[in-house]
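Good morning, and thank you for coming. Please look first at the sequence and the structure, which I shall then take you through.

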Amino acid sequence: MKPIALFTLPNCKWCKEAIIYLKSKKLKFNQIDLTKDKNALRDCQKRCSGAPVFLIGNNWICGFDKEKLNKELGIK
């Protein structure tokens, strides 16, 4: 399984949905709060305009897009 990093912001509805989704699939992930990690914030801002942001292996996914997530994770 590819490592999963989930970059989130506090009070972000879609970030909370993403966490619930990953937990429902029993996937292990590393959650990074972008308000507490300025380097991660800069990395995400280079690629995406909002949160959540996923890094799965070497692939970035902007926003909570179940179809893209499932494809990247091999979930049908």
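Predicted model: local features only at pLDDT ≥ 70, side-chain atom pairs only at ≥ 80, totals over all residues.

Leaving aside its neighbours within four places in sequence, which residues is Thr8 in contact with? They are Cys15, Ile19, Gln31, Ile32, Asp33 and Leu34, where contact means heavy atoms within 4.5 Å.

Residues are numbered from 1 along each chain as its sequence is written, and side-chain values use heavy atoms, with hydrogens and water left out. The pLDDT is the predictor's confidence in each residue, from 0 to 100. The chain has a mean pLDDT of 95, and 100% of its residues reach 70 or more. Helices (H or I, at least four residues) and strands (E, at least two) are DSSP runs, numbered from the N terminus.

Let us return to Thr8. This residue belongs to strand β1, residues 4-8. Thr8 is buried, its relative accessible area being 3%; buried means under 20%, exposed over 50%, and partly exposed in between, with a 1.4 Å probe and protein chains only. The side chains of Thr8 and Gln31 are joined by a polar contact of 3.2 Å. Such a contact is a pair of N or O atoms within 3.5 Å; within protein, one must be able to donate a hydrogen and the other to accept it, and residues adjacent in sequence count only if both atoms are side-chain atoms.

Phe7 has Ile32 in β2 as its bridge partner. From β1 the chain passes through helix α1, residues 13-24, to β2, in a right-handed β-α-β crossover. Right-handed here means that, with the strands pointing away from the viewer, the path from the first strand over the helix to the second runs clockwise.

Leu34 lies in the loop between β2 and α2 (38-47). Is Leu34 buried or exposed? Leu34 is buried, at a relative accessible area of 4%. Beyond four places in sequence, its contacts are Phe7, Thr8, Leu9, Ala40, Leu41 and Cys44. Although Leu34 and Leu6 are 28 residues apart in sequence, their C-alpha atoms are 9.8 Å apart in space.

I turn next to the other pair of strands. Strand β3, residues 53-56, and strand β4, residues 59-62, pair in the antiparallel sense over four bridges. Ile56 stands opposite Asn59 in β4. This hairpin has two residues between the strands, and Gly57 takes a positive phi near 65 degrees there.

Finally, some backbone details. Most residues other than glycine have a negative phi, and most peptide bonds are trans. Asn11, in the loop between β1 and α1, has a positive phi near 60 degrees and is exposed at 76%. Lys26, in the loop between α1 and β2, has a positive phi of about 55 degrees and is exposed at 75%. The peptide bond from Ala51 to Pro52 is cis, with omega near 0 degrees, and Pro52 lies in the loop between α2 and β3.

Key: Pairing = 2+ DSSP bridges.
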